Amino acid sequence: MTPGREHFWWALLSLVSLQLCACTLSGDYDPPNVDDRPAPEAGTSAVLPAATLGTAARPAEAALPAELVEPQPGEGQQSPSCSSSSELPGCELPRAELTPASARCSADSDCASGHCSSGRCAAASCSDGIRNQGESGVDCAGPCAARCAEGDPCSSSMDCASGLSCPASTQLCSAPSCQDGLQNGTESAVDCGGSCAGCGAGGACHADGDCASGVCRDGSCATPSCDDLVRNQDETDIDCGGLCGACAPGRACALDSDCESGACQDGSCCGGQEGDCTRCARRLSTSLQCTSNGSSAEVAAACNAFLQCLADQVELCPRRNSPGCSDAGGVCDVSRFGNSSAIALADGIIGTAQCNF
């Protein structure tokens, strides 16, 4: 082809291209709609001409519903960066999952069992020396048959070995105590009874000794009283002394006010018993004393010395004239205490206490 003719054909091709572009870009251009084309007859192919498809979506994408097609960023937009936040659209939450048994690992922390051996996660067991699989302590409680020893962590007393408890304050298996907030050991109620202090009124009990009042009735500690036939409260003897009034002669006492006779000597109320005629000889005198009747200092001293001798020898002198007491050669031989006036005055004092000789 000559150069002149070649130039002619290129100029003609350029003119046709310009006209096609002008038609396409004009407002009157209406591209053919695929839906408007007549349906193909049976036995014919439904493939559209390539010119009609133009820039249609790729076959793989055209087959997906619109809601499942991942939107592409528009012009000037950037794809979301998932390196800093997992809440951006299109980003997935990072998942750090422990590898199961037999999976590859590089450290114990990689494994759900907490045990990486020779590059593989070992299965949890009750003898691996690791606290795992819901165990309360290392290889004890939880799914393990062994119970936990003293000092091991626990969530309830059932986690602990026999005889041990799990106080809420420590969450450690411990031996029973009277301050652990649990009913254990020999206690009849929480921290009282048995080997602990007696329970207060209303506390559970198995025996009188479980109660502070010393009275257990129908499984419950009774309120102490002055007629419960038990020495409790501040009583010095059973149902007497302290708040419960004076005690009879011979009953236990701490103060003179604990006694009906008004005299407490050596922890026992004076009066009423044969031995008290000597033991309390100097305490029982009220209307008559060794200084009465204008007695001289010498007579008063001898009287008091004789009565003191009787009080010091209660076993040999339960009565003034007991054999070996005040008779000749006795422990309180009257001949050792001066004249008869002093002895007569002492005998009068003993008589006022209604004691026989």
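Modeller: Contact means heavy atoms within 4.5 Å. This is a predicted model, in which local features need pLDDT of at least 70 and side-chain atom pairs count only at pLDDT 80 or more, while totals for chains, interfaces and linings use all residues. Residues are numbered from 1 along each chain as its sequence is written, and side-chain values use heavy atoms, with hydrogens and water left out.

Colleague: Which residues is Asp210 in contact with, leaving aside its neighbours within four places in sequence?

Modeller: They are Ser188, Gly193, Gly194, Gly198, Cys199, Cys205 and Cys221. Asp210 itself sits in the loop between β2 (120-121) and β3 (216-217), where helices (H or I, at least four residues) and strands (E, at least two) are DSSP runs, numbered from the N terminus.

Colleague: Is Asp210 buried or exposed?

Modeller: Buried means under 20% relative accessible area, exposed over 50%, and partly exposed in between, with a 1.4 Å probe and protein chains only. Asp210 has a relative accessible area of 8%, so it is buried.

Colleague: What does the side chain of Asp210 lie 2.9 Å from?

Modeller: A polar contact is a pair of N or O atoms within 3.5 Å; within protein, one must be able to donate a hydrogen and the other to accept it, and residues adjacent in sequence count only if both atoms are side-chain atoms. Here a polar atom of the Asp210 side chain lies 2.9 Å from the backbone nitrogen of Gly194, and the C-alpha atoms of these residues, 16 apart along the chain, are separated by 5.5 Å.

Colleague: Where is Asp258, and what does its side chain reach?

Modeller: Asp258 is in the loop between β4 (220-221) and β5 (264-265), and its side chain reaches the backbone nitrogen of Gly242 at 3.2 Å. Among the residues that Asp258 touches, not counting those up to four places away in sequence, are Thr236, Gly241 and Cys269.

Colleague: How should I read an aromatic pair?

Modeller: A pair of aromatic rings is described by the distance of the centres and the angle of the planes. Rings of Phe, Tyr and Trp (its six-membered ring) pair if their centres lie within 6.5 Å; planes under 30 degrees apart count as stacked, over 60 as edge-to-face and the rest as tilted. The structure holds one such pair: the rings of Phe306 and Phe337 have centres 5.4 Å apart and planes at 65°, so the pair is edge-to-face. Phe306 lies in helix α5 and Phe337 in the loop between α5 and α6, 31 residues apart. Phe306 is buried at 0% relative accessibility, and Phe337 is buried at 9%.
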